[in-house]
Amino acid sequence: MAKLNTTFQISSPSNLDGLLTLDASIESSYTYSSTNSDTVTVPVHPGTPTEVVPITAGDTYVYVKNTDPTNFVQVRRVVGPADYAKLHPGDFLFICVYDSMGMQLLADTGACVVEYVTFLKS
C-alpha cells in the first residue's frame, strides 16, 4: 500500500455573492494499492469510447488532463453510458469513480490527447 497526498487550492481576487468564500486550501491523503498511468488519444463521439476505469475496478481515484487546445472531452460512466462531466481544453479532473460504474472518455469534434493516472483505493 502507498499514500497519495493531494492539495487543492481555490481562491478569487474579488468578493463573490453567496455563502461560499473562495479562499481555501484542502489537503488530503489517500491509501491506494495499485496505480496505472497512460497517455491516450480519445476518439470523437460517437466512436468507441476510451475506457480509463473498468467496471470490474473498485473505488478508483482518477486524475485526467485534457491536453487538447481546442476540443473538450465527455467523461461518462460505462454502465448505462451517461455523461457526468465535461473536461474543457487544458483542464483536469480529480475524482473518485464509484465501484462497478467505470469511466470512459469521448472527444467532442476532434480526437484529443488525454493523460491519466488511476489509484485503486485500498
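Colleague: Which residues make the nonpolar surface patch of about 380 Å²?

Modeller: Please bear in mind that this is a predicted model. The nonpolar surface patch is formed by Phe8, Ile10, Ile26 and Phe92. Of these residues, Ile26 belongs to strand S2, which covers residues 23-42.

Colleague: How should I read a sheet, and in what order do the strands of the open sheet lie?

Modeller: The general idea is that strands of a sheet pair through backbone hydrogen bonds, either parallel or antiparallel. In this structure, four strands form an open sheet in the order S3-S8-S5-S6, and their pairing is antiparallel. Strand S3 (50-53) and strand S6 (82-87) are the edge strands, each pairing on one side only. From one strand to the next, the twist averages 30°.

Colleague: How many bridges are there between strand S5 and strand S8?

Modeller: Strand S5, residues 73-77, is joined to strand S8, residues 103-107, by four bridges in the antiparallel sense. Within this pairing, Arg76 stands opposite Gln104 of S8.

Colleague: Is Gln74 buried or exposed?

Modeller: Gln74, a residue of strand S5, has a relative accessible area of 14% and is therefore buried. Setting aside residues up to four places away in sequence, Gln74 touches His45, Asp83, Ala85, Gln104, Leu105 and Leu106.

Colleague: How is a salt bridge to be read, and which side chains meet in one here?

Modeller: In general, side chains of opposite charge can pair when their charged atoms come close. In this model, the side chains of Asp83 and Arg76 meet in a salt bridge, with 2.9 Å from N to O. The count by the rule applied comes to one salt bridge. As for the two partners, Arg76 is buried, with a relative accessible area of 13%, whereas Asp83 is partly exposed, at 41%.

Colleague: How many residues of strand S4 are buried?

Modeller: Strand S4 spans residues 60-66 and is mostly covered, since five of its seven residues are buried.

Colleague: With which strand does S4 pair over six bridges, and which strand is joined to S4 by seven bridges?

Modeller: S4 pairs over six bridges with strand S7 (residues 92-97), in the antiparallel sense. In that pairing, Thr60 has Val97 of S7 as its bridge partner. Seven bridges join S4 to S9, and these two strands also run antiparallel. There, Tyr61 stands opposite Phe119 of S9.

Colleague: Let us turn to strand S9. Is Thr118 buried or exposed?

Modeller: Thr118 lies in strand S9, residues 112-121. Thr118 is buried because its relative accessible area is 9%, and buried means under 20%. Apart from residues up to four places away in sequence, Thr118 touches Ser34, Thr35, Asn36, Val52, Val53, Thr60, Tyr61 and Val62.

Colleague: What is the relative accessible area of Lys121, and with which residues is Lys121 in contact?

Modeller: Lys121 is also found in strand S9. The relative accessible area of Lys121 is 38%, so this residue is partly exposed. Leaving aside neighbours within four places in sequence, Lys121 is in contact with Thr31, Tyr32, Asp59 and Tyr61.

Technical notes. Residues numbered from 1 in each chain as written. Predicted model: local features only at pLDDT ≥ 70, side-chain atom pairs only at ≥ 80, totals over all residues. Heavy atoms only, no water. Pairing = 2+ DSSP bridges. Axes fitted to C-alpha atoms, helices over the stretch in contact; angles between N-to-C directions. Buried < 20%, exposed > 50% of the residue type's maximum accessible area, 1.4 Å probe, protein only. Contact = heavy atoms within 4.5 Å. Patch = residues over 30% accessible without salt bridge, like charges linked within 9 Å, V, L, I, M, F, W, Y side chains within 5 Å. Areas by Shrake-Rupley, 256 points an atom, 1.4 Å probe, with all protein chains shown as cover. Salt bridge = Lys/Arg side-chain N within 4 Å of Asp/Glu carboxyl O.
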